[in-house]
Amino acid sequence: MGTPGGFAYETDERGTVTITHHGRPAGTLRGNAAARFLAAVARGDDQQLLMARVTGNYKHGNERRAREHPRNRGR
C-alpha cells in the first residue's frame, strides 16, 4: 500500500484547521479535534497519514480484495 500524499493544512486565528488535498478542501477541524491534530503534528507524527485519517481518505475496506485481484498478484 502506498503512503498518502498531497495533503496540506492551514490554521487560522480561531484555531480552526483546514485540510486540503491537492488544493481542494478535504476537511475542517475545530475545537478539540483541531487541538488533538495540532498536538499530534507537534509530536512529530506523520502529517500526511494524520490528514488522510482525519479526512476519511484512508483504508476504504477493499485493500485485501484489491491485492488478491489477478491483475495485482505479481506486485
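**Entry 1: T16 and its surroundings**

I began with T16, which touches E10, T11, T28, L29 and R30 once residues up to four places away in sequence are set aside. The model I am reading is a predicted one. I placed T16 in the loop between β1, residues 7-11, and β2, residues 17-21. Is T16 buried or exposed? I noted a relative accessibility of 12% for T16, so this residue counts as buried, the limit being under 20%. I also looked up T16 and A33, whose C-alpha atoms are 9.4 Å apart in space while the two residues are 17 apart in sequence.

**Entry 2: Overall layout**

I then turned to the chain as a whole. I counted 3 helices and 3 strands, and along the sequence they follow the pattern β-β-β-α-α-α. The chain has 75 residues, of which 19% count as buried. Its accessible surface comes to about 5800 Å², and carbon and sulfur atoms hold 46% of that area. I also recorded the contacts with a separation of 6 or more: 36% of them are between residues 24 or more positions apart.

**Entry 3: The strands and their turns**

I next followed the pairing of the strands. β1 pairs with β2 in the antiparallel sense, over 5 bridges. Within this pairing I found A8 opposite T20 of β2. The hairpin of β1 and β2 has 5 residues between the strands, and there G15 takes a positive phi near 90°.

I then moved on to β2 and β3, which also run antiparallel and are joined by 5 bridges. Which residue of β3 stands opposite V17? I found L29 in that position. The hairpin of β2 and β3 has 2 residues between the strands.

H22 lies in the loop between β2 and β3, the latter covering residues 24-29. Its phi is near 55°, a positive value in a residue other than glycine. I recorded H22 as exposed because its relative accessible area is 63%, and the limit for that class is over 50%.

**Entry 4: The aromatic pair**

I searched for aromatic pairs, and the whole structure contains 1. The rings belong to Y9 and F37; their centres are 5.2 Å apart and their planes stand at 85°, so I recorded the pair as edge-to-face, a class that requires over 60 degrees. The pair links distant parts of the chain, as Y9 is in strand β1 and F37 is in helix α1, residues 31-43, 28 residues apart.

F37, at 4% relative accessibility, counts as buried.

**Entry 5: The nonpolar core**

I asked which residues make up the largest nonpolar core. There are 11 of them: F7, V17, I19, L29, A34, F37, A40, V41, L50, M51 and A52. I noted that β2, α1 and α2, residues 47-55, each supply at least two residues of this core. The largest share, 4 residues, comes from α1.

F37 of the aromatic pair is thus recorded again here, as a core member. V17 and L29, which I had noted as opposite each other in the strands, are core members too.

Leaving aside neighbours within four places in sequence, V41 is in contact with Y9, Q47 and L50.

**Entry 6: Helix α2**

I then inspected both ends of the helix. At the start of α2, a side-chain oxygen of D46 reaches to within 3.4 Å of the backbone nitrogen of Q48. Just after α2, I found G56 with a positive phi of about 85°.

Notes. Residues are numbered from 1 along each chain as its sequence is written. This is a predicted model: local features need pLDDT of at least 70, side-chain atom pairs count only at pLDDT 80 or more; totals for chains, interfaces and linings use all residues. Side-chain values use heavy atoms; hydrogens and water are left out. Buried means under 20% relative accessible area, exposed over 50%, partly exposed in between (1.4 Å probe, protein chains only). Contact means heavy atoms within 4.5 Å. Rings of Phe, Tyr and Trp (its six-membered ring) pair if their centres lie within 6.5 Å; planes under 30 degrees apart count as stacked, over 60 as edge-to-face and the rest as tilted. A nonpolar core is a set of buried Ala, Val, Leu, Ile, Met, Phe, Trp, Tyr and Cys residues joined through side-chain atoms within 4.5 Å. A polar contact is a pair of N or O atoms within 3.5 Å; within protein, one must be able to donate a hydrogen and the other to accept it, and residues adjacent in sequence count only if both atoms are side-chain atoms. Accessible areas come from the Shrake-Rupley method with a 1.4 Å probe; for residues, only the protein chains shown count as cover. Two strands pair if DSSP finds at least two bridges between them.
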